[in-house]
Amino acid sequence: MSRATDCIGNDCTGIDCMLIATALIEREVGLAMDIGRVVGQVVATVKQPGLQGRTLLLIVPVDLADVEKNGPERYVAADYVGAGLGEVVLVSRGSAARVDDSASAVPTDAAAVAIIDTVVVDNKTVFRKSG
């Protein structure tokens, strides 16, 4: 039995239980948010109507031990914050990528939701945005 199923039927009920179970499942399966660097854009002249006017960013995950180092994986994220080339962004993944009511029906699995200024790990600043 996983820790997520332990929550159900115990002290939490309704929406609280659902939120706790979802958080535990995401923690057990993997993070629902990533830190990545914008390395390009994907241009699509024909796309789902909910993506019209939305920039599609090419993202590479970054290593928190060395934020200046890019990982080998690449993926596409819808841009909700106006991120530019080279910026480090917080990316919401999975169902959390449909960040608001207008995006709930948009078929996206990743959304850039913040431009990161600073990353601190174990009380040590590992990244600080220049400029």
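**View 1. Contacts of Ala78.** Leaving aside neighbours within four places in sequence, Ala78 is in contact with Leu51, Arg54, Thr55, Leu56, Thr108, Ala110, Ala111 and Ala112. The model shown is predicted. Ala78 belongs to strand E4, which covers residues 75-79. Its relative accessibility is 1%, so Ala78 counts as buried; the cut-off for buried is under 20%. Asp109 sits 31 residues from Ala78 in sequence. In space, the C-alpha atoms of Ala78 and Asp109 are 8.6 Å apart.

**View 2. Asp79, a buried acidic residue without a salt bridge.** Asp79 also lies in strand E4. The nearest side chain of opposite charge is that of Arg54, 6.7 Å away. A salt bridge would need a side-chain nitrogen within 4 Å of a carboxyl oxygen. Arg54 still touches Asp79, as do Thr55, Leu57 and Ala112, with residues up to four places away in sequence not counted.

**View 3. The Asp79 side chain and the backbone of Ala83.** A polar atom of the Asp79 side chain lies 3.0 Å from the backbone nitrogen of Ala83.

**View 4. Val113 in strand E6.** Strand E6 spans residues 110-115, and Val113 is part of this strand. Val113 counts as partly exposed because its relative accessibility is 27%. Val91 is 22 residues away along the chain. The C-alpha atoms of Val113 and Val91 are separated by 5.8 Å.

Note on methods:
Residues numbered from 1 in each chain as written. Predicted model: local features only at pLDDT ≥ 70, side-chain atom pairs only at ≥ 80, totals over all residues. Heavy atoms only, no water. Helix = DSSP H or I, 4+ residues; strand = E, 2+ residues; numbered from the N terminus. Buried < 20%, exposed > 50% of the residue type's maximum accessible area, 1.4 Å probe, protein only. Contact = heavy atoms within 4.5 Å. Lys, Arg positive; Asp, Glu negative; His and termini not counted. Polar contact = N/O pair within 3.5 Å; in protein donor to acceptor, adjacent residues only side chain to side chain.
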